[in-house]
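Subject: Structure for your files

Dear colleague,

Here is the structure we spoke about. Please look it over first; my notes follow below.

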Amino acid sequence: MRLRHDAPVVRATFDDPNLVSCAGLVPVMRLAEQAGLHDAVTDRVRLPTDKGANPAGKVATIVAGMLAGADSIDDLDVARHGGMRSLFTSVYAPSTLGSFLRTFTHGHVRQLQAAARDALIGLARRTPLLAGADTLCFVDIDSMLRRVYGKQKQGIGFGHAKVGGYNVWLRGYNPLVATLSTPLSAPVIAATRLRAGNAGSARGAASMITEAITTARTCGATGEIVVRADSAFYAKTVIAACRRRGVRFSLTARIDAKIRAACEGIGDEQWVDIKYPQAVWDDDAGRWISDAQIAETTYTAFAGTRHQVTARLIVRRIRRDDPAQAPGQEELMPAYRYHAVFTDSPYTLMQAEAQHRGHAIIEQINADLIAGPLAHLPSGRFAANDAWLACAGIAHNLTRAAGHLAAGAWKTARPATIRTRIINVAARLAHRARTIRLHLPEHWPWQAAFDNLYTAVQPAPG
């Protein structure tokens, strides 16, 4: 692509009051109103002083800014350019929104989190966010370390992380996120919680799982619910929370001496080859040729305590090859790496093991948040950053719902893709007969998706 020399650009002026750069906010924020976001915030959030006035409008402005790509308080000014005031009311300045966020305390954040759950329930009723939840629904929980550099931020601490394969300690926060998904739908965020950077991964996990299960059932998850988590959440409190709520658990188990003994005690005839990366199907043998095999046994966790639980131990083993071994030379005793899953899943061995591997999908949610609103945790106040995290969850769920209404492959597209192609579309406003018409770019490659979304949220005539 090159500039045209016959019509050179000689001047650029910012003087058109009828242009907007994110016309896709019109259908998405209309969807937010239809899902009950404004009513939920109005009913739930009660902030003191004049800084807490009209919390619904201020939360909606923060969410709209995040939908358009804002990752700091100053970036929220994107909601006030050009003709945005002709499209939206109660659009607040970043300084006002910063003061609003700093008014939050822990109790007010809990109110906002309750409003976020109400909004998710409204979205689930309005769109097929959790298709297939009447049969099977997954609750995934995971934590991530978000590094910060301001030493005066409240609640920061040094947490463990891996960078380039090395174990390092970084100063920051440790957000905890719980998601809901089904085999037919991409994950949505059911609960969020901000913690100090030095918090253990499992701190507060049991109560968050309980909240997520309640939200899942309210969203229509009437079938089997399976809670999935990695080894950091292999704890008696997590399993007890699942048992109390009548749901299944599938937790990665730490390979300690007892688990290793149970893995090595499985007979060779019990191991089954599975479809694993780089596996090859053998038509003659009728099976996958793979270096990964799975088997199961019965195991009692927390034996000798009042919390002991007996359930299935599903083990995946991968052959550990010696890099110094000569080609074609077999070792005397093969060595294996073991990955164990402690679960009471009612599904077959193949199904249960594959379902647990699907827990890795929550890492994509973490990546989407980091590439969006959680690129920064912008405030020096801990509760303000916790409220920012809750708003990020609302924005993610709205983006996912918009993708469902856009139809086609958009149902599983990344939020950044939806933001770039559907939300951040430039438009010119034309005022005619007390109405506003959006003139969007001709030959926009993703016009069909925008039209599907706009039509789906358009109110019925009359």
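Start with Phe 302, which is partly exposed at 24% relative accessibility (buried is under 20% relative accessible area, exposed over 50%, partly exposed in between, with a 1.4 Å probe and protein chains only). Phe 302 sits in the loop that joins strand S13 (292-301) to strand S14 (309-320). Its phi is positive, about 55°, although Phe 302 is not a glycine. (Helices are DSSP runs of H or I with at least four residues, strands are runs of E with at least two, and both are numbered from the N terminus.)

His 443 is another non-glycine residue with a positive phi, near 60°. The loop that holds His 443 runs between strand S17 (435-439) and helix H14 (447-457). His 443 counts as exposed, at 67% relative accessibility.

Some notes on provenance. The model is predicted: local features need pLDDT of at least 70 and side-chain atom pairs count only at pLDDT 80 or more, while totals for chains, interfaces and linings use all residues. Residues are numbered from 1 along each chain as its sequence is written, and side-chain values use heavy atoms, with hydrogens and water left out.

As to the whole chain, the protein has 14 helices and 17 strands. Its radius of gyration is 25 Å, close to the 23 Å that the globule rule gives for 462 residues, so the chain is as compact as a globular protein of that length (the radius is taken over C-alpha atoms, and the rule is 2.2 Å times the number of residues to the power 0.38). The C-alpha trace spans about 80 × 55 × 50 Å along its principal axes. Of the 462 residues, 50% are buried. Among contacts with a separation of 6 or more, 68% are between residues 24 or more positions apart (contact means heavy atoms within 4.5 Å).

The largest nonpolar core has 131 residues, and Leu 25 and Phe 342 have the most contacts inside it (such a core is a set of buried Ala, Val, Leu, Ile, Met, Phe, Trp, Tyr and Cys residues joined through side-chain atoms within 4.5 Å). Helix H12 (residues 382-406) gives the most to this core, 15 residues. Another core, of 9 residues, lies apart from it and includes Ile 274, Ile 314, Ile 318 and Ala 352.

- Pro 175 is in the loop between strand S5 (166-173) and strand S6 (176-182), and it is buried with a relative accessible area of 0%. Beyond its neighbours within four places in sequence, Pro 175 is in contact with Asp 142, Ser 143, Met 144, Arg 146, Arg 193, Leu 194, Arg 195 and Leu 389.
- Ser 379 belongs to the loop between helix H11 (361-370) and H12. Ser 379 counts as buried at 6% relative accessibility. Leaving out residues up to four places away in sequence, Ser 379 touches Arg 102, Lys 153, Ala 384 and Asn 385.
- Ala 40 lies in helix H2 (residues 37-44) and is buried, with a relative accessible area of 7%. Residues up to four places away aside, Ala 40 touches Ala 115 and Asp 118.

Regards
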